[in-house]
Amino acid sequence: PTVSVSTSKTTKSITAVATASATSGISKYEFSKDNGTTWVANGTSNTYTFNGLTHNTSYNIKVRVTSGVGRQTSSATVATTTKSVATPTFSETGTTTKNVTITYLTGCGSTYTCSYSKDGAAFVNVTSNPIISFSSDGSLVARITDGINTVTSSSYLVEVAISIPDLRKKVVTSGDGLYADAYEAGRYVYKGINPNNYITFNDESWRIMAVEADGTLKIRKNESIGNMAWDTSNLNIWSRPATLNTYLNTDYYNTMKSYAKAQIQTHAFNIGSIIDYNNDLSAQIASEKKTNWSGNIGLISVSDYLRANINIEQCDNFNLNNTNYEICRATNYLFSNNDQWTISSDTNHIDNVFRVNVLGYVFSDYNSNSTYTVYPTLYLKSATLLYGKGTKTNPYTIAT
């Protein structure tokens, strides 16, 4: 008889089917996967499966038929096992709790062995597509095998959003970081030369200055928007409004992206005047709070600048900062290598506004129409959710 061969393939097997022109006189079928170097006798069955093969590999399949009178006929073909088992995929839902679904090829528990590892733990076998919950940042690795070929996914990193109450839990008692404010209950401030308080807002780098008692975040742009006069009429009344107030809350505000505007909380800024060379920061804060102005964008106050310093012993009030300015500027992330305006005016000099100069020295400028650098400051809504670590390379981002 004449014979032909057809095949079907998986990742690990090839099934060969011999079709003879006449079957009544056939005494045996033999099959080979190496072009006849070795043979497998299969009796009178015309179908044979080669198992344990390597995926995506070509094999020279040959079938040989022997008739009852000893005549042999063979047929050959080349068959290639299918490509590797598909890598599992991931999808997620949620923000403060993340639910991650792992999707495998159909056949977990039968055709395939499917498993996953959460946060580096031992692999767990599953028979369907599991949903894994995360309440904090973590990772997943998924694996699938057909018994011969195994595919393991890359590590899938899961990032869980943190709320502002969660941010408060990151409080520290030493080193750069978030501290409970010693002067206002329920308020937390970032202190140090480089705390992890970077945040991306309006597609720009900002710094979180404080977690306010009302749950809002007070943030300051990390780069200045240029040099400007505090007020061209040389007055110190921010809420009049001053020239800079008008600019920040109209022209500058209108340059912001729409989604960023929606994240801003209109808020009270403390603009009460203060006395220079004050050695009582608590009294100074009380003076700032005597007058407030409500708006979208302002500037830091003098107390904001002082409270950002981690060196409490030498820098914790106006007088100490100015006495030790060379030391204090090295322990305060709000210091910049230029003169910057604050929102605070001078009680004793009606036209004066305080600025922090290029040396880190805080003093009132007699001329508010002088031009110094401006760092916009604003509040983010208390419902804000954050991703990231707050570092310069992995800043907080706002969940939308």
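The accessible surface of the protein chain comes to about 18,000 Å², and carbon and sulfur atoms account for 48% of that area. These values, like the others in this report, were computed on a predicted model. Of the 400 residues of the protein chain, 47% count as buried.

As for its secondary structure, the protein chain holds eight helices and 32 strands. Its radius of gyration is 36 Å, well over the 21 Å that the globule rule gives for 400 residues, so the protein chain is more spread out than a compact globule. The C-alpha trace, taken along its principal axes, spans about 125 × 40 × 35 Å. Where contacts join residues at least 6 apart in sequence, 58% of them link residues at least 24 apart.

| Strand | Residues |
|---|---|
| Strand 8 | residues 89-93 |
| Strand 9 | residues 98-103 |

Strand 8 and strand 9 pair in the antiparallel sense, with five bridges between them, and within this pairing Phe90 stands opposite Ile102 in strand 9. Together the two strands form a hairpin in which four residues lie between them. Gly94, which belongs to the turn of this hairpin, has a positive phi of about 100°.

Key
Residues numbered from 1 in each chain as written. Predicted model: local features only at pLDDT ≥ 70, side-chain atom pairs only at ≥ 80, totals over all residues. Heavy atoms only, no water. Rg over C-alpha atoms; globule rule 2.2 N^0.38 Å. Buried < 20%, exposed > 50% of the residue type's maximum accessible area, 1.4 Å probe, protein only. Contact = heavy atoms within 4.5 Å. Areas by Shrake-Rupley, 256 points an atom, 1.4 Å probe, with all protein chains shown as cover. Pairing = 2+ DSSP bridges.
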